[in-house]
Amino acid sequence: EPPKSRTRRFGFDAACDEFLKEKGQEVFRKQLTPGSHHTYCQRIHHRIIPFAKFAGIKSLSEIEKKTFVGYKDFYLDIKTKGKWKCAASGLAPSTINSDINTLKEFLKWCCHKEYLDPRKVGEIPKAKDQKNYRDEANPAFFPDEFARMKDVLYKFDQNCIDEEDKWKKRWFIHYILFQYGLGSRPHESAKIRYGDCRVEKRPDGKLKGIVEIPADTKRGRRTAIMNGNTLRKVQSHLRRGIKIRNEQIEIMNKRLVK
């Protein structure tokens, strides 16, 4: 059935604002991360709405099947971008395709709200991404460079007499190795708990570390695999920290009794 007649004059910008407002509610209910909501706002306000203005779309009733067919070509050929209109040779295909995913979600939402006739929603072609991400990857350290860095790292806690000071410096070493082995973002690692990690033995006898990263992170819930020996050393170091804390509490209690 066609949408209600009262929605035919519903403005495109107003629909975008209502869509983002619902996304804001999802953030409040912890169904969406603030970072993801910010990304939605960036895509809609900076690229989707400007394209709609370029296409002459002021209200949802003006959308036709071919309205957004030229979206990818428009942003592949764009010569300026950003607030200061700096020179550019088009947006990256990955950015354009992410925009198209958001645009499709928005149009589907409009149909669900009966703001838009589903028969007017056409296919939106995506840009071909020819980039070889494996060849063009730019790791922070290559294996031989990281081997030299580890030689420096392992000297960081030398000459430490105090047990607590030595534990803290050794924790810094384990953190660097953990981040390198897991490849997670710092805020993702900060949300990982002891119970989210486990070590299993592979058929070849080597150890495999399994880390469950929670949902309230930028890249969402997922299971990551890393070197099991690195993860086991981190777990062992945490247990050592609990033991040092308990020893300190026992010493303090004896002083209080005296």
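The model is predicted. Across the whole structure, 15 salt bridges are found; those described below include Lys-23 with Glu-26, Glu-123 with Lys-104, and Arg-198 with Glu-212. The helix contact described is that of α1 with α2.

- Lys-23 and Glu-26 form a salt bridge through their side chains, with an N to O distance of 3.8 Å.
- Both residues belong to helix α1, which spans residues 12-28, and because they are 3 residues apart, about one helical turn separates them.
- Lys-23 is buried, at 7% relative accessible area, whereas Glu-26 is partly exposed, at 26%.
- The pair is part of a network of salt bridges that links Lys-23, Glu-26 and Glu-105.

- A salt bridge joins Glu-123 to Lys-104, and their closest N and O atoms are 3.5 Å apart.
- Glu-123 is exposed, with a relative accessibility of 60%.
- Lys-104 counts as partly exposed, with a relative accessibility of 32%.

- The side chains of Arg-198 and Glu-212 meet in a salt bridge with an N to O distance of 3.6 Å.
- Strand β3 (residues 197-201) holds Arg-198 and strand β4 (residues 207-213) holds Glu-212, so the pair ties together parts that are 14 residues apart in sequence.
- Arg-198 is partly exposed at 38% relative accessibility, and Glu-212 is partly exposed at 27% relative accessible area.

**Packing of α1 against α2**

- Helix α2 covers residues 34-54, and α1 packs with it at an angle of about 175°, the axes being 10 Å apart.
- The angle is over 145 degrees, the cut-off for this class, and α1 and α2 are therefore roughly antiparallel to each other.
- On the α1 side, the contact residues include Phe-12, Cys-16, Phe-19, Leu-20 and Val-27.
- Lys-23, which takes part in the salt bridge with Glu-26, is also among the α1 residues that meet α2.
- On the α2 side, the contact residues include Pro-34, Tyr-40, Cys-41, Ile-44, Ile-48, Ile-49 and Ala-52.
- His-37, His-45 and Lys-53 are also among the α2 residues in this contact.
- By residue class, the contact of α1 with α2 divides into 12 nonpolar, 3 polar and 4 charged residues.

Technical notes. Residues are numbered from 1 along each chain as its sequence is written. This is a predicted model: local features need pLDDT of at least 70, side-chain atom pairs count only at pLDDT 80 or more; totals for chains, interfaces and linings use all residues. Side-chain values use heavy atoms; hydrogens and water are left out. A salt bridge is a side-chain nitrogen of Lys or Arg within 4 Å of a carboxyl oxygen of Asp or Glu. Helices (H or I, at least four residues) and strands (E, at least two) are DSSP runs, numbered from the N terminus. Buried means under 20% relative accessible area, exposed over 50%, partly exposed in between (1.4 Å probe, protein chains only). Axes are lines fitted to C-alpha atoms, for helices over the stretch in contact, and angles run from 0 to 180 degrees between N-to-C directions. Angles under 35 degrees count as roughly parallel, over 145 as roughly antiparallel, 65 to 115 as roughly perpendicular and the rest as oblique. Contact means heavy atoms within 4.5 Å. Ala, Val, Leu, Ile, Met, Phe, Trp, Tyr, Cys and Pro count as nonpolar, Asp, Glu, Lys and Arg as charged, and the others, Gly among them, as polar.
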